[in-house]
Amino acid sequence: MNRANGLRLGAALAAGSLVLSGCLSADSSELGDPNAIQIGISLPLTGDFSEPGKGVQRGYEAWADHVNSRGGLLGKQVELIILDDQSSADRVASDYEKLINQYRVDLVFGPFSTRLVIPAAQVAEDYGYLFVEPAGAAEEIFQQDFDNLFYAAPAIAQDHYDHLAEAILALPPEQRPKTAAYATMDDPFAQGTAYGLKEALEAGGVRTVVDEVYPPNTTDFASIAAEIADSRADVVVGGTQYQDAVNLIVALRQLGYQPDLAAFSTAPTNPEFREALGEHVEGIVSPTGYTPTATYPSNREFVEHFRRLHGTEPNEDEANAWTTGQVVAAAVEAVGCADPSRACQQGLIDWLRHNEVPTVVGPLSWDRTGKPQGAHLIQQYVDGEIRIVLPHDTAETGLVYPKPEW
């Protein structure tokens, strides 16, 4: 290994994780224990998706640490080899080629973002590898005819707001919103969440008055915010990641715009969201596939282990990464192998096609495209805390509508 080219051993080394960046020239035998089960991963640790990418990294590393503390998989320790794809679709494909051909990893886990999942999954399929991923939820992923892909979350992007749409359309006619404004990042996942809600609301008679799509690197939201404010839409929906949601909300507040409902994907699940907006988060809703208070058997163990490592409760990105590990581990233990051979990888794929896996986000099963068969929860900031408000049978408190002023 050319150390000058950037081998970095982080605090996650205890979890059996090697984080690598820069130009790499090693073969896999130099990376760690040759007797370990090596798992190759590429993540956006820099670039547009670095914030959620680092969350996925924490989730993967926590899972590996937990597994290793319990004896590993098939009696072997787990070692993660993580490359930084810099939020680039071209680089992520190159990373998985490198992980499979150069480092000869036994298994692969997926990256963050639909934009990165598709090229990564294609490489994995070309080599016959099982590909379980934590963050590619856009419909287009499941239209690629991948035979090896499984999404480790309860629902795809278009279905994230199903419970919210039902609740809105169930309101008495005099309370129901009449108009809605949509602003979405040009990203398949972000657009999928917003447009899934848009389709449902339009079908229920809620008229769309603004529909704007912006590039992923947008920082100035003045013109989009002005268009939304001028429309006086009853509902504003952001198909967002993180910083774009914060910037858009700040711009809307500066214009004095006060919607009855404000829904933003992804951003409210980040702890930094409340830190960035303070009391102005009150009433904002978001879909989530995970809550630390879930009563699924393995969730308490996950929350306790994660809290010991990081001093905080896990968020959705971290939970979906842990879930990815759970799904792959279930297949490995059931089939009894974890190696690059096509026979082993196909055995893992076939097992997941026909079995349900208990996870921290609930029991997961998949259709032939790798699409999970479930729905997301709806959470809302109520009295300064983010709480589950829908569906009613799992709600921690009731949906606040209309929302307080921000």
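Mentor: By class, the lining of the largest cavity holds six nonpolar, six polar and two charged residues. Here Ala, Val, Leu, Ile, Met, Phe, Trp, Tyr, Cys and Pro count as nonpolar, Asp, Glu, Lys and Arg as charged, and the others, Gly among them, as polar. The model is predicted, with local features needing pLDDT of at least 70 and side-chain atom pairs pLDDT 80 or more, while totals for chains, interfaces and linings use all residues. Numbering runs from 1 along each chain as its sequence is written, and side-chain values use heavy atoms, without hydrogens and water.

The 14 lining residues include Phe189, Thr266, Glu316, Asp317 and Asn320, which lie nearest the centre of the largest cavity. A cavity is a set of points, on a 1 Å grid over the protein atoms alone, where a 1.4 Å probe fits but cannot get out; a lining residue has an atom within 4 Å of a point. The volume of the largest cavity is about 170 Å³, taken as the space filled by probe spheres set on the points, which are joined across faces, edges and corners. The search of the whole structure gives two cavities of 30 Å³ or more. Helix 10, residues 316-335, contributes the most to the lining of the largest cavity, with three residues. Helices are DSSP runs of H or I with at least four residues, strands are runs of E with at least two, and both are numbered from the N terminus.

The largest nonpolar core has 77 residues, and Ile39, Ile41, Trp63, Leu80, Tyr96, Phe131 and Leu352 touch the most other members. Helix 10 supplies the largest share of this core, eight residues. A nonpolar core is a set of buried Ala, Val, Leu, Ile, Met, Phe, Trp, Tyr and Cys residues joined through side-chain atoms within 4.5 Å; buried means under 20% relative accessible area, exposed over 50%, and partly exposed in between, with a 1.4 Å probe and protein chains only. Neighbours within four places in sequence aside, Leu352 is in contact (heavy atoms within 4.5 Å) with Leu130, Val132, Phe150, Val327, Ala331, Val357 and Trp366. In soluble globular proteins, nonpolar side chains tend to be buried together.

Glu316 also gives a reference point for Ser50: the two are 266 residues apart in sequence, and their C-alpha atoms are 15 Å apart in space. Ser50 belongs to helix 1, residues 50-69. Ser50 counts as buried because its relative accessible area is 19%. Beyond its neighbours within four places in sequence, Ser50 is in contact with Pro44, Leu45 and Ser87.

The pockets can be set beside the cavity. A pocket is an open set of grid points with protein on both sides within 12 Å along at least five of seven lines. The largest pocket holds about 580 Å³ of space. Its lining has 23 residues, and Thr269, Pro292, Glu313, Pro314 and Ile386 lie nearest the centre. Helix 8 (271-277), strand 13 (377-382) and strand 14 (385-390) are the elements that give two or more residues to this lining. Strand 14 gives the largest share, four residues. The classes in the lining of the largest pocket are eight nonpolar, nine polar and six charged.

The second largest pocket has about 480 Å³ of space. It is lined by 26 residues, with Tyr296, Val361, Ala375, Leu377 and Thr394 closest to its centre. This lining divides into twelve nonpolar, eleven polar and three charged residues.

The segment after strand 14 contains Pro391, and the peptide bond from Leu390 to Pro391 is cis, with omega near 0°. Pro402 is found in the segment after strand 14 as well; the bond from Tyr401 to Pro402 is cis, with omega near -5°. Most residues other than glycine have a negative phi, and most peptide bonds are trans. Leu74, in the loop between helix 1 and strand 4 (78-84), has a positive phi near 50°. Leu74 counts as partly exposed because its relative accessibility is 34%.
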